[in-house]
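The sequence and structure come first, followed by the findings.

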Amino acid sequence: MNSTPRKGNVAWQSPSNIALVKYWGKHGRQLPSNPSISFTLSKAVTKTRINYAFDAVRRDDIKVDFRFHGSENIAFKTKIEKFLNSVKEEFDFLSFLNLEISSENSFPHSSGIASSASSMSALALCLLDIEKELNNAEQIDFVKASHLSRLGSGSASRSVFGPLAVWGKSKSVADSSNEFAIPFTGAYKPIFETFHDDILIVSKAEKSVSSTAGHALMIDNPYAQSRFNQAGGHLTEIITAMETGDLEKFGNIVEKEALTLHALMMASDPPYILMTPATLSIINKIWSFRRNENIPVYFTLDAGPNIHLLYPEAYAEKVQSLIESVKEYCEDGMIISDKVGQGPIRL
Ligand code: DP6
């Protein structure tokens with residue numbers, strides 16, 4: 001590393017993503033128990049800016065100045081400091097930096113939308129941009145950014161790439177790895193890049209069991225091994241469905257993945273349920289709309305009650321009546337209309 005004292009600032013916008021085949025269960029140091037694939041989103045993003053000063057004195061305990069939407073946020077600051085201290089041996093340059101970090105999300109803070117994928121990937125991209133500046137390197141290494149993001153939050157590893165990303169070793173995806181995500185470059189049909197993801201906010205409340213706690217409960221889940229095998233098979237099948245343009249097969253796998261995720265929660269010890277009656281009402285509405293109208297509109301869920309409504313752009317107008325009919329189940333009628341996106345942007 002060039003040791004000339006330097007300072008500067010960097011800023012990145014990084015999106016959230018929605019898994020089609022879910023990561024649920026991990027081992028070792030943030031290593032996934034099965035491979036996953038996701039759509040990278042475009043509107044649900046975190047913007048992170050860092051003012052940095054490099055001062056050549058090693059800090060044993062990394063501390064940062066942190067602002068979220070302009071205000072102090074002790075919970076997020078603590079999370080960031082814990083993360084930075086956990087990766088400082090691997091990313092040595094971090095111990096020499098004085099960091100002022102400010103961050104904001106495009107989606108409402110209390111919308112029940114988890115921000116760890118967008119926030120951790122935006123942070124990792126900023127940090128590696130600083131490393132790039134310190135090393136006078138030409139470009140930032142996105143694979144390394146995905147690796148660093150993963151150490152912050154597993155799903156964040158996939159946000160570094162768009163429009164689709166795969167994380168976790170799979171024989172169906174060349175160069176896939178448990179250590180980082182890669183862009184999915186299979187010969188999938190273009191329609192999959194036109195997908196909408198309307199997030200129906202059933203509840204804005206913070207979920208009662210965090211994803212991190214949920215992953216941990218997979219260790220003793222009696223269905224864990226068959227689930228991991230199933231996810232591997234689903235990844236292979238969904239890739240084929242995307243290559244042949246088989247929307248029905250695609251949607252079938254996506255919905256099975258969502259319901260299996262929640263079934264695993266219900267089969268954990270202690271068991272828990274994150275879906276609400278409104279979640280189930282909306283699922284039933286989607287199913288009957290699809291049956292009656294013969295429109296390829298599907299749902300998925302992350303680790304919470306909110307529904308992600310997935311459908312290709314070509315059906316956007318027709319899906320409006322479904323959206324109108326489920327609004328009554330959304331808290332304050334809140335719906336975040338998102339779409340598949342291209343990945344992070346340097347600001
Ligand atoms: C259900 O990535 O939030 O959204 O690695 O503990 O930060 P940590 O968990 P996280 O888990 C995401 C779980 C999921 C499925 C997915 O995104 O693949």
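The ligand is surrounded by 17 residues, and the closest of these are Tyr23, Ser153, Gly154, Ser155 and Arg158. The model is a predicted one. Sorted by class, the shell around the ligand is made up of five nonpolar, eight polar and four charged residues. Helix 5, which spans residues 211-217, contributes the most to this shell, with three residues.

Polar distances to oxygen atoms of the ligand are listed below for a glutamine, a glycine and a threonine.

| Residue | Protein atom | Ligand atom | Distance |
|---|---|---|---|
| Glycine 154 | polar backbone atom | oxygen | 2.7 Å |
| Threonine 212 | polar side-chain atom | oxygen | 2.9 Å |
| Glutamine 30 | N or O atom in the side chain | oxygen | 3.4 Å |

On its own, the ligand has 450 Å² of accessible area, and the protein covers 91% of that area.

The second topic is aspartate 198. This residue is part of strand 10, residues 195-200. Aspartate 198 is buried, yet it forms no salt bridge. Which side chain of opposite charge is nearest to aspartate 198? That side chain belongs to lysine 43, at 7.2 Å.

Aspartate 198 does have a polar partner: its side chain makes a polar contact of 2.5 Å with the side chain of tyrosine 311.

Terms used: Residues numbered from 1 in each chain as written. Predicted model: local features only at pLDDT ≥ 70, side-chain atom pairs only at ≥ 80, totals over all residues. Heavy atoms only, no water. Near = heavy atom within 4 Å. Polar contact = N/O pair within 3.5 Å; in protein donor to acceptor, adjacent residues only side chain to side chain. Areas by Shrake-Rupley, 256 points an atom, 1.4 Å probe, with all protein chains shown as cover. Helix = DSSP H or I, 4+ residues; strand = E, 2+ residues; numbered from the N terminus. Nonpolar A, V, L, I, M, F, W, Y, C, P; charged D, E, K, R; others polar. Buried < 20%, exposed > 50% of the residue type's maximum accessible area, 1.4 Å probe, protein only. Lys, Arg positive; Asp, Glu negative; His and termini not counted. Salt bridge = Lys/Arg side-chain N within 4 Å of Asp/Glu carboxyl O.
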